Amino acid sequence: MSLAILVDSVPYLDQIKQLWRSNARTLGFFPDGGFSECASYKQILVALSGSQVLGYLLFRISRDRVVIVHLCVEKSHRQQHMARRLVEYLAEISKGYRGIAAACRRDFEANKIWPRLGFAAIAEKPGRGRGRATLTYWWLDHGNPDLFSGLDVLRSPERLSVALDANVFYDIYNKDAPDTLESKSLVADWLAPYIELKLTRETLNEIDRNVDPIERSQNRRLARAHPVVICESHGFRNLRDELRVLFPSRLSKSDESDIRQLAWAIGSGTRFFVTRDANLLNLERQVYERYGVSVIRPSDLVIHLDELRESSEYQPARVAGALIWSRMRRAPDGSFAELFQCSSKGETKRKFRERLCRFLADPEKFKCFQLHNSEGIPLACLVYDKSKEGELHIPVFRVRDIQLGLTIQRNLLLRLMSAAAADQRVVVRITDPYCEQVCSALSEENFTKMDNDWVKLSLPEQLSAEDLVLRLNAISRGHQLQFNPLAELVEHLKVDTRAALRIERLLWPLKIIDASIPTFIVPIRPHWAKELFDENLASEDLFGASTTLALNREGVYYRAAVPSCGLSAPARILWYVSEDRKYYGSKSIRACSYLDDVVIGAADDVFRRFRRLGIYRWEDVLKIAKGKVKGTVMALHFMDTELLTQPLRWDKLQQILNEHGLKSRLQSPCRISPPAFHAIYSKATGQPRVVS
């Protein structure tokens, strides 16, 4: 038997699907297109005997971990260690991730194999479906070094909340109809930790319209297993009237029901409405552009789960209107305090106001800011304290509990890290005891709970792996922080790209000199640079950058798919802003980002995937695709951009490239060596490279 990674082989895919179908009772339903999607991302391993598939392992990447979706061996070839070899192969190719996760029903025989494969049972929760069988959560740790202890390796973000159309609800509980398999994929056991299936009130009304009393009773009982989305009646009526224009002038009974389904879902703040109704699916772009709600098929929800979770949590394109920072210089009124008090932990309006007034009374030590929209409505309140050397303390960090609160929180945290780095402060400490609403964002941005504070390091330095360990030990002593043992970190960072990137981003804007991290120079026009990340360029434009990007943490840059120039992720990007005489500062290296993904595909598909990030309109992407809806484009998904304090002009850049044996006019992306990157970065930041 030999093991191979399946790329996109039709013969193998057909065999894999057949093997899945014969074991669907235990594996659960999976969309047909999901196999092709996983194959294209090299996320299926197959156990082969000649050209015959004897087993397969299908997995997905979820942030810093690998999740096994299917592990299946043909019945007559079990007990031959194929499952072990598939898992061992997966472990070998995924070393840069924190580990491998799996979920399995306790009442399945397969649940017994996980300990033999090296997994540990770390939790259990009720599953879904009629039996509500218990799921065991298994974890195989890769042993990658972490700076802090106590990190929850299977920290689960909040489940994705989706509203089901009535047709999908009926499909899930219809035992026999073959065309219901797509909808049944939503209740597969492996999905239970990631999505919550809800109903609208209109589905309850649909159940009531059934003339059969026995079926009504059965369906009502099944519906009680799902929460019902909540929307005020007034808001529902307004949305119902607004949606009317999207439908035919003469409404059928079905149209009227569809309008009500959408109105309840949109009004509740749910980001996804799952349906198989072709008429509703045809309205997807209009509904998204107007309300930020995705109308989506069940299969597409399953296939694109991770990116949809991201789109639900982080939507800069939906932050409407101007966002304005202003210094607070006088005590806020009671209505302001009511917006930001943490009543769930017993904080009253009076307590919050008194706390804020203490900081306002000492402006030399504390700086108080609020973020508000163009209508003057407060959205966030922060207080800076720079009194402790080397640390930035935030005694107040409050963001209103609004639909896009998490987007604002994550961007504010990046701004805090930028402020600390610019001031050479290596520790950011959130000391607000009532910052409960932002805990999810703090965890997502790798802040660590230490005693009563949330702590993160920020190293604006270039260090070798050895010097990084020495530096962290010095910080540990100087700032009373407890790190895990670091000696093993050194060699690991030199050879493991993903581990090195993870540590760099954990300690952003740190750069590790001797890590083998791929780096590209990517040319970008000034117009797109100012809109995507460069506030300094934007300030030179009469109108400035789009106000929706005043708080931007990640973005997407579209370009022609050819030449691809070897662009691949993960990697670093140095942004070269091409020449334009309207912009002083163009024709230089101006920023550095992390490249998270490179996606090449049909323009409409790629745009739909990244439209949450804003800036680009459909017309812009269509132009890159030369006017063809299915024309091929490339999208570079990047994050954590650092604006360089001393942008490197063309002549100096060319001098460094020549010194490292590189020749490029930078008309297209160019890969550079690690020494070339560090030479450029040193000049553009004024940071000397520190090597033992």
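Colleague: Why is D604 called buried?

Modeller: D604 has a relative accessible area of 8%, and buried means under 20%, exposed over 50% and partly exposed in between, with a 1.4 Å probe and protein chains only, so D604 counts as buried. Keep in mind that this is a predicted model, where local features need pLDDT of at least 70, side-chain atom pairs count only at pLDDT 80 or more, and totals for chains, interfaces and linings use all residues. Residues are numbered from 1 along each chain as its sequence is written, and side-chain values use heavy atoms, leaving out hydrogens and water.

Colleague: What makes D604 and K630 a salt bridge?

Modeller: Their N to O distance is 3.1 Å. A salt bridge is a side-chain nitrogen of Lys or Arg within 4 Å of a carboxyl oxygen of Asp or Glu, so the pair of D604 and K630 qualifies.

Colleague: Is K630 buried or exposed?

Modeller: K630 is exposed, because its relative accessible area is 55%.

Colleague: Why is R106 called partly exposed?

Modeller: Its relative accessibility is 49%, so R106 falls in the in-between class. R106 forms a salt bridge with E124, where the closest N and O atoms are 3.5 Å apart. E124 is partly exposed too, at 48%.

Colleague: How many salt bridges does a search of the whole structure find?

Modeller: That search finds 34.
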